[in-house]
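User: Please take one part of this model and look at it closely. Start with the overall layout, then walk me through the part and its surroundings in short steps.

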Amino acid sequence: MKIVVIGGTGLIGSKSVAILRQGGHEVVAASPNSGVNTITGEGVKEAVAGAQVVIDLANSPSFEDKAVLEFFETAGRNLLPAEAAAGVRHHVALSIVGTDRMPDNGYFRAKVAQEKLIEASRIPYTIIRSTQFLEFLGGIAAESVARYLKAVGDPREVVRDPEARYWGGRVEERSLVPWGEARLGRIGLDEWLRRSQSKA
């Protein structure tokens, strides 16, 4: 099966490409470096030609409210029509748990806009709302950050601020966790730290 991974050279994309190739799929790791740019449209039609599945893992280079919204809307408006014209059978996109619960967070608003474009595209789709990745630990939870800093030998102290905002959005106790049934990963913070340190 031909699968195109948009953002296929990034943090999540490169790992996804490797797993898909191990599964025997023909995988295109699409990114601006490989001549596929969903913002300009360059190489998009060529990349998705003959693909059965497109997995969109691209991320905005800027998290500023207006720029991130423009990124996801422009990318969607270039990618989805090209997929429809190529007869792509399924679109998969990575989103974030809680995007619809934090309207004051500009990045989350942009992900909601991306999801709406996908839903309106008429291409069968799966939107994966994942919790934040451990690689983004520094901006998420004080206790986990403190454990991470200790594990890597960083002596800085973590100071908690209950009024701190997450990318402009107010975070409540359950803002960044899934509601209802969720598929839970198996790697916790301690295991992730152990693996990260063994690679260093």
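Analyst: From the N terminus on, the elements run β-α-β-α-β-α-β-α-β-α-β-β-α. That gives six helices and seven strands. Helices (H or I, at least four residues) and strands (E, at least two) are DSSP runs, numbered from the N terminus. The model is predicted, so local features need pLDDT of at least 70 and side-chain atom pairs pLDDT 80 or more, while totals for chains, interfaces and linings use all residues. Residues are numbered from 1 along each chain as its sequence is written, and side-chain values use heavy atoms, with hydrogens and water left out.

The chain has 200 residues, and 36% of them count as buried. Buried means under 20% relative accessible area, exposed over 50%, and partly exposed in between (1.4 Å probe, protein chains only). Take the contacts with a separation of 6 or more: residues 24 or more positions apart account for 71% of them. A contact means heavy atoms within 4.5 Å.

Look at both ends. At the start of H3, a side-chain oxygen of Glu-64 comes to within 3.2 Å of the backbone nitrogen of Lys-66. Here is the rule for a polar contact: a pair of N or O atoms within 3.5 Å; within protein, one must be able to donate a hydrogen and the other to accept it, and residues adjacent in sequence count only if both atoms are side-chain atoms. After H3 comes Gly-87, with a positive phi near 75°.

Next, the buried residues of H3. They are Val-68, Phe-71, Phe-72, Ala-75, Gly-76, Leu-79, Leu-80, Ala-82 and Glu-83. What do they pack against? Their partners are strand E1 (2-6), helix H2 (44-48), strand E3 (53-56), strand E4 (90-96) and helix H4 (106-120).

Glu-83 has no salt bridge. A salt bridge needs a side-chain nitrogen of Lys or Arg within 4 Å of a carboxyl oxygen of Asp or Glu. The nearest side chain of opposite charge is Arg-89, 11 Å away. For charge, Lys and Arg count as positive and Asp and Glu as negative; His and the chain ends are not counted. What does Glu-83 touch beyond four places in sequence? Its contacts are Val-48, Val-54, Val-88, His-91 and Ile-123.

Now the rings. The whole structure holds three aromatic pairs. Phe-71 and Phe-72 make one of them, edge-to-face, with 5.1 Å centre to centre and 85° between the planes. Rings of Phe, Tyr and Trp (its six-membered ring) pair if their centres lie within 6.5 Å; planes under 30 degrees apart count as stacked, over 60 as edge-to-face and the rest as tilted. Both Phe-71 and Phe-72 are buried. Phe-72 also pairs with Tyr-107: the centres are 5.9 Å apart and the planes at 80°, so this pair is edge-to-face too. Phe-72 lies in H3 and Tyr-107 in H4, so the pair ties together parts 35 residues apart in sequence. Phe-72 counts as buried at 2% relative accessibility. Tyr-107 counts as buried at 10%. Ring pairs link Phe-63, Phe-71, Phe-72 and Tyr-107 into a cluster.

Ser-60 sits in the loop between E3 and H3. Is Ser-60 buried or exposed? It is buried, with a relative accessible area of 6%. Beyond four places in sequence, Ser-60 touches Ala-67, Val-68, Phe-71 and Phe-72. The C-alpha atoms of Ser-60 and Phe-71 are 5.9 Å apart, although the two are 11 residues apart along the chain. A polar atom of the Ser-60 side chain also lies 2.5 Å from the backbone oxygen of Ser-62.

Arg-122 lies between H4 and strand E5 (125-130). Its phi is positive, about 75°, although Arg-122 is not a glycine. Most residues other than glycine have a negative phi. Arg-122 is exposed, with a relative accessible area of 82%.
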